[in-house]
Amino acid sequence: MGNDLIQIANARPPGGAPLELPAGEGLAPSATGIGLGAKTFYIETFGCQMNVHDSEKVAGVLMARGYRPVDSHQAADIILYNTCSIREKAAQKVFSRLGAFRKGSAGAGKIIGVLGCVAQQEGERFFERTPQVSLVCGSASYTQLPELLGQLEAGNRRVTGLSLDTEDCFETELTRRDNLHRAYLTIIEGCDQRCAFCVVPATRGPERSRSGAKIVADCQRLVDGGYTEIQLLGQIVNAWRDPQPAGWSFAELLARVAEIPGLRRLRFTTSHPRYFTSEIVAAIDSHPVLCNQIHLPVQSGSTPVLARMRRGHTREEYLEKINCIRGSQRAISLSTDIIVGFCGESERDFEETLSLLAQVEYDQVFAFKFSPRPNTDGLGFQDTIPEEEKSRRLTALLELQRQIQLRRNQALLGQVMEVLVEGYQPRLGQAVGRTTTNRVLNFPGEPADIGCYMKVQVTAVGPNSLVGSRVLEQGDGALECSGGLTGGQYGS
Ligand code: SAH
Ligand code: F3S
């Protein structure tokens, strides 16, 4: 959801806990290679939550080989960029980063690697365009990372992992989790949908589901390690099917995970309308742990545009799914992704998108101007909408959505909501909480509130966030807090 909105660089947990692997756990420094004794790495991540989580796993693999994370590329022996190519602008970011190493000595003696979607898309061309790069590896080849690192340590100058021909998922026992309270867990990798605008099937490879039993065991370990919120990830998370014969459906998996004692919040993203079933809504209805939140990208409100996009559903079919969600006993918050200015999108098509927004009344919308991408079918269509017109449509759509969100948030004034405190803004003296509906709710608090669940009454609202004050209830002396500095940063 909302790709390339996230950019982390060796992010630290809010409490600033040192990121060390537990003593004696797989810490055998390799006998050869660079900067022995002081082997350090730095990863900068662009793109979606799946990239963020992939970086956590890559960091785990590196730490198991004796590398230590550092906060700047200047201090690192290995510099890795985990890249996003969903839109042209996102893809360009890595080239501007690599430009810093082109001349002079900034990259001297360091290993520079490119991971993720741009790595897969550009492959060995990186070595010609940016000779300072030594490692190019797409996400479908991360299972080979230990071997590739071994080759670099043995002195190989250039190594690649670019095969997409895989049935494997990136399974690793060691993950350096950067968020102490919310744990990401990939349950399905790749995508077979081939939407005409989307680069993901070409960069992340075919769809492959992890086993249900392994997922539940991972979730149990995360809860044992102190996490109270888990977010299950996949490009189409609800296309997950247990690969075991007679395995569980996605809705059954949600129920099994939700039943783990100690888990407080369970989210999942991104759902595709084609695979969205009433069983998922039923699972939400019967398991309070499942959050009141569904992200269901629609991309366009016009059926002819949806057909050209190869989304596999019409406007009406999408609205049926929305009706099913609105029929839930819970007030489920809805968000979506929209592309404006897709090839051939007429003014009338665009107005259909505006009318869909007005009809559904989403709580959040991630909207993008169409950006033609390599290796997609859409590249063969004529990109007919001028850039200024795409910008005009985007601005109009965001303005409509701003009004909708403001109105919906105003209806929440006076309500008391439970938040998980995820951060603290020292300048404002405010704790940053998140509601089950994924809204940000700020209120006067302290740094020690981070990781705790609290009740907060909404006192003011804007289109993008809420403001409130804490409500003390009987028994609140013993607050329920998650994570903690002893918590399981190294779950599966
Ligand atoms: N299933 C994925 C979708 C990844 S792309 C997920 O996990 O969210 C995220 C969003 O980026 C898409 O839903 C779409 O709205 C937008 N997007 C994808 N390709 C695009 C392109 N070529 N131009 C503009 N926006 C695009
Ligand atoms: Fe992309 Fe469509 Fe798959 S948006 S990730 S091809 S569902």
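How many helices and strands are there in the protein chain?

1. Overall content. The protein chain has 13 helices and 20 strands; helices (H or I, at least four residues) and strands (E, at least two) are DSSP runs, numbered from the N terminus. This is a predicted model, in which local features need pLDDT of at least 70, side-chain atom pairs count only at pLDDT 80 or more, and totals for chains, interfaces and linings use all residues. Residues are numbered from 1 along each chain as its sequence is written, while chains are lettered from A and ligands numbered from 1 in the order in which they are written.

2. Of the 492 residues in the protein chain, 47% are buried. A residue counts as buried if 20 or more other C-beta atoms lie within 10 Å of its own, as exposed if 12 or fewer do, and as partly exposed in between, with C-beta atoms placed from the backbone. Two residues are in contact if their C-beta atoms, so placed, lie within 7 Å. Among contacts between residues at least 6 apart in sequence, 76% join residues at least 24 apart.

3. A nonpolar core is a set of buried Ala, Val, Leu, Ile, Met, Phe, Trp, Tyr and Cys residues joined through C-beta atoms within 7 Å. The largest has 104 residues, and Val58, Val114, Leu185, Ile230 and Leu254 have the most contacts inside it. Helix α1 (residues 49–64) gives the most to this core, namely seven residues. At least three core residues come from each of domain 1 (6–161) and domain 2 (182–410); the domain bounds come from an automatic or database domain assignment. Beyond its neighbours within four places in sequence, Ile230 is in contact with Ala183, Leu185, Cys219, Leu222, Val257, Leu263 and Leu266.

4. Second core. A separate core of 15 residues includes Val419, Leu441, Phe443 and Val461.

5. Ligand shell. Which residues come nearest to ligand 1? They are Phe197, Thr270, Asp337, Phe368 and Ser371, out of 19 residues around the ligand; a residue is near if its C-beta atom, placed from the backbone, lies within 6 Å. The shell has eleven nonpolar, five polar and three charged residues. Here Ala, Val, Leu, Ile, Met, Phe, Trp, Tyr, Cys and Pro count as nonpolar, Asp, Glu, Lys and Arg as charged, and the others, Gly among them, as polar. Domain 1 and domain 2 each supply at least three residues of the shell.

6. Strand pairing. Two strands pair if DSSP finds at least two bridges between them. β16 pairs with β19 (residues 453–461) in the antiparallel sense over five bridges, and Val419 has Met454 as its bridge partner in β19. β19 also runs antiparallel to β20 (residues 465–470), with five bridges, and a hairpin of three residues joins these two strands. β18 and β20, by contrast, pair in the parallel sense over three bridges, where Leu441 is bridged to Leu466.

7. A second hairpin. β17 and β18 (residues 440–444) pair antiparallel over five bridges, with Arg434 bridged to Val440. Four residues lie between the strands of this hairpin, and Asn438 takes a positive phi near 75 degrees.

8. Pro426. Is Pro426 buried or exposed? Pro426 is exposed because 8 other C-beta atoms lie within 10 Å. Pro426 sits in the loop between β16 (416–425) and β17 (430–435). Its C-alpha atom is 9.6 Å from that of Gly445, 19 residues apart along the chain.
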